[in-house]
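Work through the exercises below on aromatic rings and their surroundings. Each task is followed by a solution in steps.

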Amino acid sequence: MSVKPTYEELERRIKELEKEKSESKRSRDALEKRLLSLTQPLKDNGNIVFEDLFNIDDIQCIQDVFADATGVASIITHIDGTPITAPSNFCRLCKDIVRKTDKGLLNCFKSDATLGRFNPEGPIIQPCMSGGLWDAGAGITIGGRHIANWLIGQVRDELQTEDQMVVYAREIGADEKLVVEAFREVSAMSHEQFGQIANLLFTLANQLSTAAYQNVQQARLITEIKQAGKTLLESEKKLSSSEKKRRLWLEHSPICTKIVDLDFNLQYMSASGIKELKIEDITEHYGKPYPFYFYPDSFRKPMIENLDKARETGEIITQETSMVDIKGDKLWYHSTIVPVNDENGMLDYIMVVSMETTDRKQAEGALREANTRHSAMIANIGDVIGIMGTDGIMKYKSPNIEKWFGWKPEDLIGTDGWEMIYPEDIERIQNEFCALFEKDNASTTLEYRYKCKDGTYTWIELTAVNRINDTTINGVLLNYRDISERKRTEEKLRQAQKMEAIGTLAGGIAHDFNNILSPILGFTEMLQEDLPQDSREQKSVAEVLKAALRAKDLVKQILTFSRQGDQDLKPIKIQSVLKEALKLLGSSIPTTIEIQTEIDSNCGAVIADPTQIHQIIMNLATNAYHAMRESGGRLKIVLNQTQIESKPIGFSEFIPGRYALLKVIDTGTGIEKNILDKIFDPYFTTKESDKGTGFGLSVVQGIVKSLDGDIHVYSESGEGTEVHVYFPIMKNASEKEKPNQLTPIRGGTERILLVDDEEPIVIMEKMMLGRLGYQVTTRTRSIDALETFRSNSDEFDLIITDMTMPQMTGTQLAREIKAIRADIPIIICTGFSDRINEDTSSEFDIQAFLTKPVIKKEIARIIRDVLDKPND
């Protein structure tokens, strides 16, 4: 069993370390200079240079291997750009041409210094200031101080042209022909590949920085040990009090020192190690095998292997290890294994010097955990985060970009960010970014269309912040937000506002047009009564009457489209309307178009206006005909009953229930995808100017929506079109459609006060009512009508008044008349009003409401209904 060495023996062994001689005076001087630099206090490392930390020949070899393996030029320089190593793999353009000119060499030094800016987050990549080739750089540090740069590059950029190189040759005074020839020799490399090599460089530079730091720490530890030896030697010449101080210094040093013999038996452990491992009696461990049981399994074997290697080779070995104290608490150490020779140069024992790094390791773990949380937060927020360099190249994209736009971050990092912007938006966005670059920390918010991986574009809101001068970002911080749904909502709002405006316009048109139609229709009816039934004039008048009625229906359609018109709603079977429409289609559609039908006779009844259903069928069939007019085809009309169990996707106003489904299918030219969402817009049409107004589908949609139905169009260019129209089936489906009954026109002898500001209407209606037997007094001003009634209120049985008149409206006149005589019945007649209709007339104490233009049988019926109604 080995005997524990005495303190004097330990002192003797340390003294022997000082007696070791160098192989030559040159190497001894170099070592002394290096140790001088390495042993300065870490806070005073301003004089430490790269050459003091490494063997330059070894570093040159590493650099050469890296350059050969990656195919890039490589050099290590001081932070001012002056070289430390010889260039590796430098291309002829840079080595023999550009750097041979004064201006070119100066540009190279400037570029190297710029590339050498210290960036702890990653390599700096940019075009060279001398020649425009792609270069990259990574800093090397010691104790946080930037001491050197490892630069790579001389890779051709795809955007650099020979013409640009000729211009640069003139600028630096180089031979243009030689520059172009040498430029062609430079190898080209993709930005992605060069970026990967730059990241590898960054990793190697960090390893050199770590090695430099460890070299300093190791040298200082060894120097402390040597200093301890010198102190012990000098202590022989001092008083016993000095002897005590030396012993206290060794025992209370924060560095744990352990000595083992060549069989790895523990001979000595300093006080700091005993305290850190919570060992109560260290003497129990002396002379016994080194306490490997303090090491976890994953570190025990490497420790034994390193001790064995140091014993066999005499090499000083450093390693990071973990140990567990007596109570099971985990500790971390940075250890150096130092073989110690005797005075004859033979290995005597092994010293293990350790510095506890537990706090640093815990801090690193906390930092990694914080970075993991930070990454998880970025990945799970609703917005996408990105960083773009001033050159437009994307440096970062958060992982959730795949969720919103389909891209993976690696698809976009290193690419041109402008390529993702919709072409029509690029110039506007670039102008905004130019302004953003001019002011540090400036921000802007933009809306534009962003390209998704499937090739489509979606609207986004981008917030960009200038953080170019922030060393952790070094670019523009981007926050993307998908606003496509908001854009769709805004578009719906604009469409609703447009429809509202059209509805207001339709109301004005209806009022004036109905006033014009009223005398035309009324006088034509009376003229038709006066002419012989078999006369030629009778046929002409019939055509005039037919045209006037069509005009009346047209105004009604416009009001229906704007949802302001009254509808003659009643239970109907669409099958009967279809049969009438098919008769017209058969005579008007050419034989090149085949008409097919599938009509379910059991399809339930719907509540609708028969005229409007007829109009829907004719409009859709006409559109189908136009789509097949040139080449012919097949028109298929289908009617069946369907059950909707739940609200289908894309059907905004559907509720579950039974529907009559009308399908109009053609094999025509189809509708292009980019205009499919516009087909219901008023006045939108793909037809020639003389073939349509663009109002048909808008009217159809208006009618269908007013009936609580829905309409959907399925089409592709060249593949034909299917239009599906859904009508809700009435709940009492067994109710049969009531046939029209012809009723005789009845007149009377009562006295009527007729009021309208349009004189032609007054003349026409007076004649019409006179033919029915009534006694009619007319007025064209509401004020005059009121005075007439006030003077002779008992002489009238009925008031018929226009709604829209100057000075006093029809409802105002009615109110004044009712104040004079409450029992007098009143009929309001108007071309259009958004204030009064059949549903609201009772609110104004009006007995009936009549819409212009009126026909004889209609006004006759309403008058009798009012006059014959029992008086409450």
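The model is predicted. Searching the whole structure gives 7 aromatic pairs.

**Exercise 1.** Classify the pair formed by Phe405 and Tyr450 as stacked, tilted or edge-to-face.

*Solution.* 
- Step 1: The ring centres of Phe405 and Tyr450 are 4.9 Å apart, and pairing requires centres within 6.5 Å.
- Step 2: The planes stand at 50 degrees, so the pair is tilted; stacked would need under 30 degrees and edge-to-face over 60.
- Step 3: Phe405 belongs to helix H14 (residues 401-405) and Tyr450 to strand E12 (residues 443-451).

**Exercise 2.** Describe the geometry and location of the pair Tyr659 and Tyr726.

*Solution.* 
- Step 1: The centres of Tyr659 and Tyr726 are 6.3 Å apart and their planes make 80 degrees, an edge-to-face pair.
- Step 2: Tyr659 lies in strand E19 (residues 657-666), and Tyr726 lies in strand E21 (residues 721-728). The two are 67 residues apart, and here too distant parts of the chain are linked.
- Step 3: Tyr659 and Tyr726 are both buried.

**Exercise 3.** Which residues form one aromatic cluster with Phe405?

*Solution.* The cluster consists of Phe405, Tyr450 and Tyr480.

**Exercise 4.** Over which rings do the charged ends of Arg156 and Lys487 sit?

*Solution.* 
- Step 1: Arg156 has its charged end over the ring of Phe183, 4.5 Å from the ring centre.
- Step 2: Lys487 has its charged end over the ring of Trp459, 4.3 Å from the ring centre.

Key. Residues are numbered from 1 along each chain as its sequence is written. This is a predicted model: local features need pLDDT of at least 70, side-chain atom pairs count only at pLDDT 80 or more; totals for chains, interfaces and linings use all residues. Side-chain values use heavy atoms; hydrogens and water are left out. Rings of Phe, Tyr and Trp (its six-membered ring) pair if their centres lie within 6.5 Å; planes under 30 degrees apart count as stacked, over 60 as edge-to-face and the rest as tilted. Helices (H or I, at least four residues) and strands (E, at least two) are DSSP runs, numbered from the N terminus. Buried means under 20% relative accessible area, exposed over 50%, partly exposed in between (1.4 Å probe, protein chains only). A charge sits over a ring if NZ of Lys or CZ of Arg is within 6 Å of the ring centre and within 35 degrees of the ring normal.
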